[in-house]
Amino acid sequence: MTLTLIFHLTLHTLVPLVIALVFFRDQWQKAWLIMLATMLVDLDHLLADPIFAADRCSIGFHPLHTYTAITVYLLMTLWRPLRLVGIGLLIHMVVDASDCWRMAGFAGF
Ligand SMILES: [Zn+2]
């Protein structure tokens with residue numbers, strides 16, 4: 001496993017944890033679990049060939065990582081029962097996008 005992948009997975013885990021602790025303090029474990037479950041969105045990678053490519057930007061490539069899908073995730077945050085799922089998915093997209101920015105040389109790490 002490359003360092004980049006470990007860093008990526010750490011962000012996918014820690015960012016939702018911080019959001020859960022800060023904004024959903026009374027039920028942070030439940031909030032964190034729901035947001036972690038949104039990692040299942042990466043099941044759409046199974047449709048791709050190869051399934052994992054370290055140098056591929058997943059945003060706009062995989063069906064559940066398109067801008068149309070991201071718009072749906074944004075709308076989900078407006079409706080309370082789906083809010084955490086929407087937030088989890090948006091965090092996921094930002095973390096994935098940060099990989100694209102890094103690959104494009106924007107983030108400088
Ligand atoms: Zn992803």
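Which residues in α4 are buried? That was my way into this predicted model. I listed Leu84, Ile87, Gly88, Leu89, His92, Met93, Val95, Asp96 and Asp99 as the buried ones in α4.

Next I looked up what covers them. The cover over the buried residues of α4 includes α1 (3–23), α2 (28–37) and α3.

I then took the pair α3 and α4. Helix α3 runs over residues 67–76 and helix α4 over residues 83–104, and their axes come within 7 Å. The axes cross at roughly 140 degrees. Angles over 145 would count as roughly antiparallel, so I put α3 and α4 down as oblique to each other. I noted the crossing of the two as left-handed.

Who meets whom there? From α3 I have Ile70, Tyr73, Leu74 and Met76, and from α4 Arg83, Val85, Gly86, Leu89, Leu90 and Met93. Sorted by class, that contact has eight nonpolar residues, one polar and one charged. Leu89 and Met93 meet α3, and I also have both on my buried list.

Last entry, on the backbone elsewhere. I found a cis peptide bond from aspartate 49 to proline 50, with omega near 0 degrees. I place proline 50 in the loop between α2 and α3.

Technical notes:
Residues numbered from 1 in each chain as written. Predicted model: local features only at pLDDT ≥ 70, side-chain atom pairs only at ≥ 80, totals over all residues. Axes fitted to C-alpha atoms, helices over the stretch in contact; angles between N-to-C directions. Helix = DSSP H or I, 4+ residues; strand = E, 2+ residues; numbered from the N terminus. Parallel < 35°, antiparallel > 145°, perpendicular 65-115°, else oblique. Left-handed = near helix turned anticlockwise from the far one by under 90°. Contact = placed C-beta atoms within 7 Å. Nonpolar A, V, L, I, M, F, W, Y, C, P; charged D, E, K, R; others polar. Buried ≥ 20, exposed ≤ 12 C-beta atoms within 10 Å, placed from the backbone.
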